[in-house]
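Thanks for coming. I have one structure to go through, and I will keep to what can be computed from the atoms.

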Amino acid sequence: MSTVNKQAVLALHQDILAGADIASLERLVAPDYQPHTPALQNVASLPAGRAALRERLQQRGAVANVVVRLIADGDNVWAHVRYGGSAPMAGVDIYRLDAD
């Protein structure tokens, strides 16, 4: 299951975020998606829900990012990611995936 979960997180970053493939949202993102991103200087916190993510991607377009490594343990996946754009940063995104 760890490999499947890592593939799902990689697809989220490559297809949906970097590729702005909004059609894949239904397949990869739960309706009650909950980002836990703290508000940073000049960056607002992210609203919850798949619909909010869809709207954000439609308004702002693709999110430049490179997944450096993925670590999985059961239904949790940690993604070490470098984000580009006007405020480049690196960080770790943590995901909990369910069987659906």
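Ala20 is partly exposed, because its relative accessible area is 29%; buried means under 20%, exposed over 50%, and partly exposed in between, using a 1.4 Å probe and protein chains only. Ala20 sits in the loop between H1 and helix H2 (25-28). Its phi is positive, about 55 degrees, although Ala20 is not a glycine. Most residues other than glycine have a negative phi.

Some ground rules. This is a predicted model, in which local features need pLDDT of at least 70 and side-chain atom pairs count only at pLDDT 80 or more, while totals for chains, interfaces and linings use all residues. Residues are numbered from 1 along each chain as its sequence is written, and side-chain values use heavy atoms, with hydrogens and water left out.

Now the fold. The protein has three helices and three strands, in the order α-α-α-β-β-β along the sequence. Helices (H or I, at least four residues) and strands (E, at least two) are DSSP runs, numbered from the N terminus.

On dimensions, the C-alpha atoms fill a box of roughly 35 × 25 × 20 Å along the principal axes. The radius of gyration is 13 Å, which agrees with the value near 13 Å for a compact globule of 100 residues. That radius is taken over C-alpha atoms, and the globule rule is 2.2 Å times the number of residues to the power 0.38.

Buried residues make up 25% of the 100 residues. Which residues touch the most other members of the largest nonpolar core? They are Val9, Ile16, Val29, Leu53, Leu70, Ala79 and Tyr95, in a core of 15 residues. The elements giving two or more residues to this core are helix H1 (2-18), helix H3 (50-60), strand S1 (65-73) and strand S2 (76-83). H1 supplies the largest share, four residues. A nonpolar core here is a set of buried Ala, Val, Leu, Ile, Met, Phe, Trp, Tyr and Cys residues joined through side-chain atoms within 4.5 Å.

Leaving aside neighbours within four places in sequence, Leu70 is in contact (heavy atoms within 4.5 Å) with Lys6, Val9, Leu10, Val77, Trp78 and Ala79. Across the protein, among contacts between residues at least 6 apart in sequence, 37% join residues at least 24 apart.

Last, Glu55, which lies in helix H3. Glu55 counts as partly exposed, at 45% relative accessibility. Its C-alpha atom is separated by 9.4 Å from that of Ile22, 33 residues apart along the chain.
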